[in-house]
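Here is my note on the model you sent. Please keep the structure open while you read, and check each point against it.

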Amino acid sequence: MTTSGVFDVTQLNSLRDAHLDWCAANSVDPKSELGGEAATYLLQAFNAGSRSSDQMIAVLDQFVEERASRVQLGSSVIPSTSDRLPD
């Protein structure tokens, strides 16, 4: 982000590419609710210091893997709106 808090073209392209690549690799419609959540987590990864598409995707994949490891069949629903990326 620039000092004015606005993304430059390179940063926007990197975020967009990461989103589209992750969605394609996971058979997710980028405009779906899950696609929107993925975009949110990618933005959080960017804000945490990940700059390349590969770095952001790796952080999102790690988050998804950690979250999935806690899921057990028959357990109650896990709310996703309050989830945050690990520090």
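1. **Start at Ser27.** Ser27 counts as exposed, because its relative accessibility is 72% and the cut-off for exposed is over 50%. Look for Ser27 in the loop between α1 and α2. Its backbone deserves a glance too. Phi of Ser27 is near 50 degrees, a positive value in a residue that is not glycine. Most residues other than glycine have a negative phi. Keep in mind that this is a predicted model.

2. **The overall fold.** How many helices and strands does the chain have? The answer is three helices and zero strands. Read from the N terminus, the order of elements is α-α-α. The chain has 87 residues, and 29% of them count as buried.

3. Helix α1 covers residues 9-25, and Gln11 lies in it. Is Gln11 buried or exposed? Gln11 is buried, because its relative accessibility is 13% and buried means under 20%. Now find Ser53. Gln11 and Ser53 are 42 residues apart along the chain, yet their C-alpha atoms are separated by 9.6 Å.

4. **The salt bridge.** The structure holds one salt bridge. Its partners are Arg16 and Asp17, whose closest N and O atoms are 2.9 Å apart. How accessible are the two partners? Arg16 has a relative accessible area of 44%, so Arg16 is partly exposed. Asp17 has 29% relative accessibility, so Asp17 also counts as partly exposed.

5. **Phe46 and its neighbours.** Phe46 lies in helix α2. Phe46 is buried, with a relative accessible area of 2%. What sits over the ring of Phe46? The charged end of Arg51 does, 4.0 Å from the ring centre. Phe46 and Ser14 are 32 residues apart in sequence, and their C-alpha atoms are 9.4 Å apart in space.

6. **Aromatic pairs.** The count comes to two aromatic pairs. One of them joins Tyr41 and Phe63: the ring centres are 4.6 Å apart and the planes stand at 40 degrees, so the pair is tilted. Tyr41 belongs to helix α2 and Phe63 to helix α3, so the pair ties together parts that are 22 residues apart in sequence. Both Tyr41 and Phe63 are buried. As a reading tip, a pair of aromatic rings is described by the distance of the centres and the angle of the planes.

7. **The largest pocket.** Its volume is about 180 Å³. Among the residues that line this pocket are Trp22, Leu34, Leu60, Val64 and Val71. Tyr41 and Phe63, the tilted pair of point 6, are also part of the lining.

8. **Where the lining comes from.** Two helices, α2 (33-47) and α3 (53-69), each supply at least two residues of the pocket lining. Which helix gives the largest share? That is α3, with five residues.

9. **What the lining is made of.** Sort the lining of the largest pocket by class. There are nine nonpolar residues, no polar ones and two charged ones. Glu37 and Arg67 are in the lining, and both count as charged because Glu and Arg belong to that class. Ala38 and Ala68 line the pocket too, and Ala counts as nonpolar.

How values were computed:
Residues numbered from 1 in each chain as written. Predicted model: local features only at pLDDT ≥ 70, side-chain atom pairs only at ≥ 80, totals over all residues. Heavy atoms only, no water. 1 Å grid on protein atoms, 1.4 Å probe; cavity = no way out; pocket = protein on both sides within 12 Å on 5 of 7 lines; lining within 4 Å. Points joined across faces, edges and corners; volume = space filled by probe spheres on them. Helix = DSSP H or I, 4+ residues; strand = E, 2+ residues; numbered from the N terminus. Salt bridge = Lys/Arg side-chain N within 4 Å of Asp/Glu carboxyl O. Buried < 20%, exposed > 50% of the residue type's maximum accessible area, 1.4 Å probe, protein only. Phe/Tyr/Trp six-rings, centres within 6.5 Å; stacked < 30°, edge-to-face > 60°. Lys NZ or Arg CZ within 6 Å of the ring centre and 35° of its normal.
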